[in-house]
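Here are some notes to read with the model open beside you.

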Amino acid sequence: MDLTYGDEDQAFRAEIRAWLAEAVPAHGPPPPPGDWPARRAYDTAWQRTLHDAGYAGLHWPKKFGGKGLPVTQQLVYLEEYARADAPYISVNFVGMMHAGPTLIAEGTDEQRAFHLPRILKGESVWAQGFSEPGAGSDLASLSTRAVREGDEYVVNGQKIWSTRAHVADWCELLVRTDPDAPKHKGITWLILDMHQPGVEVRPMRTIDGESHFCEVFLTDARVPVSNRVGDENDGWRVTNVTLRFERGTAFAQHIINLRSQLRRLVRMAGQIPSATGTAWDDPVLQAQVGHLEAGVEALWRMTQKGIADAEATGMPAPSGSAVKLRFSELSQELSELAVAVLGPLALGGVRLDGTDGVEVAREYLWSLQYTIAAGTSQIQRNLIAERVLGLPRGR
Ligand SMILES: Cc1cc2nc3c(=O)[nH]c(=O)nc-3n(C[C@H](O)[C@H](O)[C@H](O)COP(=O)(O)OP(=O)(O)OC[C@H]3O[C@@H](n4cnc5c(N)ncnc54)[C@H](O)[C@@H]3O)c2cc1C
């Protein structure tokens, strides 16, 4: 693996940096937290801007509408994207990072032809309907039932924690099609149209006062058999493809953003008065920041390797679990330190480095979810033990 950036990569860096320098301010600031219809409009318009400028799906193969860029340029793009503080992928996350890649790997030609261009252009938003009240870590215990009637499945059940489902058009839906088979053998992966009768979405309120995710109730919802991805009862295998994208490479942008978040903390600390000058003069804080900086840069190297490996094999490796695990911990450590440095300023009303202090508190609350979402830290540790280190399965 050679991850040094060559002349072509540096030329691409200059090109994307110049483009972002104009496009990001032109897109304007995001809408206020909690206004989800506005957030959807903001995010999908940005996705369209990326598409029209030729920067959508840089990691997707060319024959599926992506750019198929070499891995070094994908990494350069992520670095420049974070540096420019470009909009968070947000409502486009599921579509771009794991639903689209799952269809590329496992979908039919018709499914790809219909969905992939819409995802790339920001014309459709996806959610994930995997978890249920009785099936989280033990996802294969899911009980949402699909019964085949002619060329349709009739679906009944409940999903939970479906992120941004209240603004989604399509859903990655896991259903049980054979209740008598062993639990991993009776599952099917379906594409659910969120705008049809029998689909009721109820937003849930989170600790920060927002509604990031939803419950989804399914009552005789009908899904055409042509919306099945993979074979009937082969959904667990397809699910693992989705999860490898979700845990393997999907967090790359979040990871490089830690670099920006840490630098912003240093600038903020430099604006907070202390007895000796500013908060940044404290050598203990400088050591803590240095420690985190080393962690972020080491994690970025692991991410680069993960993306390079995925590029070589077409599929993220199970070691992506280690990247996801370390990212979630580092994100929490950084957010905790930021809240400690700001102290009461994190309650809001004071701007530091152009940002209201309350944003730091909001980031702290948001960081708490990273050790749960996309598989808890305990589950990632089990996966690392079994699939990376080859240790025997735990009881
Ligand atoms: C912000 C956020 C967004 C999410 N978005 C989505 C989404 O869009 N779609 C979706 O389908 N789901 C989503 N989820 C759900 C997420 O995938 C689950 O919360 C997660 O898989 C854990 O399941 P659970 O909440 O049922 O916890 P449980 O599985 O009940 O786990 C409870 C505790 O037991 C531990 N535990 C369980 N089994 C084991 C084991 N075998 N070994 C060791 N420890 C174990 C867990 O680590 C955890 O600490 C989201 C979650 C969050 C927090």
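1. Let's begin with Asp85, which is exposed, with a relative accessible area of 64%. Here exposed means over 50% relative accessible area, buried means under 20%, and partly exposed is in between, using a 1.4 Å probe and protein chains only. Asp85 lies in the loop between helix 3 and helix 4 (93–106). Its phi is near 55°, a positive value in a residue other than glycine.

2. A word on the ground rules. This is a predicted model, in which local features need pLDDT of at least 70 and side-chain atom pairs count only at pLDDT 80 or more, while totals for chains, interfaces and linings use all residues. Residues are numbered from 1 along each chain as its sequence is written, and side-chain values use heavy atoms, with hydrogens and water left out. Helices (H or I, at least four residues) and strands (E, at least two) are DSSP runs, numbered from the N terminus.

3. You will find Arg164 in the loop between strand 3 (152–163) and strand 4 (170–176). Is Arg164 buried or exposed? Arg164 is buried, with a relative accessible area of 9%.

4. Another arginine to inspect is Arg112, in helix 5 (residues 109–120). Arg112 is buried, at a relative accessible area of 16%. Neighbours within four places in sequence aside, Arg112 is in contact (heavy atoms within 4.5 Å) with Phe64, Leu103, Ile104, Ala105, Gly107 and Pro117.

5. Leu69 sits in the loop between helix 2 (36–52) and helix 3, and is buried, with a relative accessible area of 15%. Which residues does Leu69 touch, leaving aside its neighbours within four places in sequence? They are Phe12, Leu58, Gln74 and Glu311. From C-alpha to C-alpha, Leu69 and His59 are 6.2 Å apart in space, and they are 10 residues apart in sequence.

6. Now for helix packing. Two packed helices are described by the angle between their axes and the distance between the axes. Axes are lines fitted to C-alpha atoms, for helices over the stretch in contact, and angles run from 0 to 180 degrees between N-to-C directions. Angles under 35 degrees count as roughly parallel, over 145 as roughly antiparallel, 65 to 115 as roughly perpendicular and the rest as oblique. A crossing is left-handed if the near helix is turned anticlockwise from the far one by less than a right angle, and right-handed if clockwise.

7. Helix 1 (residues 7–27) and helix 3 have axes that come within 9 Å and cross at roughly 30°, so the two helices are roughly parallel to each other. The crossing of helix 1 past helix 3 is right-handed. Among the residues making the contact are Phe12, Ile16 and Leu20 of helix 1 and Val76, Tyr77 and Tyr81 of helix 3. By class, this contact has 6 nonpolar, 2 polar and 7 charged residues. For these classes, Ala, Val, Leu, Ile, Met, Phe, Trp, Tyr, Cys and Pro count as nonpolar, Asp, Glu, Lys and Arg as charged, and the others, Gly among them, as polar.

8. Helix 3 also meets helix 7, with axes that come within 9 Å and cross at roughly 45°. That makes helix 3 oblique to helix 7. Contributors to the contact include Leu78 and Ala82 of helix 3, and Ile256 and Asn257 of helix 7. The contact has 5 nonpolar, 3 polar and 3 charged residues.

9. Helix 9 (residues 320–342) and helix 10 (residues 358–367) pack at about 150°, with their axes 9 Å apart, and are therefore roughly antiparallel to each other. Helix 9 passes helix 10 in a left-handed crossing.

10. Finally, the cores. A nonpolar core is a set of buried Ala, Val, Leu, Ile, Met, Phe, Trp, Tyr and Cys residues joined through side-chain atoms within 4.5 Å. The largest has 36 residues, and those with the most contacts inside it are Ile255, Phe327, Leu337, Val341 and Leu342. Helix 3 (71–83), helix 7 (252–269), helix 8 (283–313) and helix 9 each supply at least two residues of this core. Apart from it lies another core, of 29 residues, among them Phe64 and Val229.
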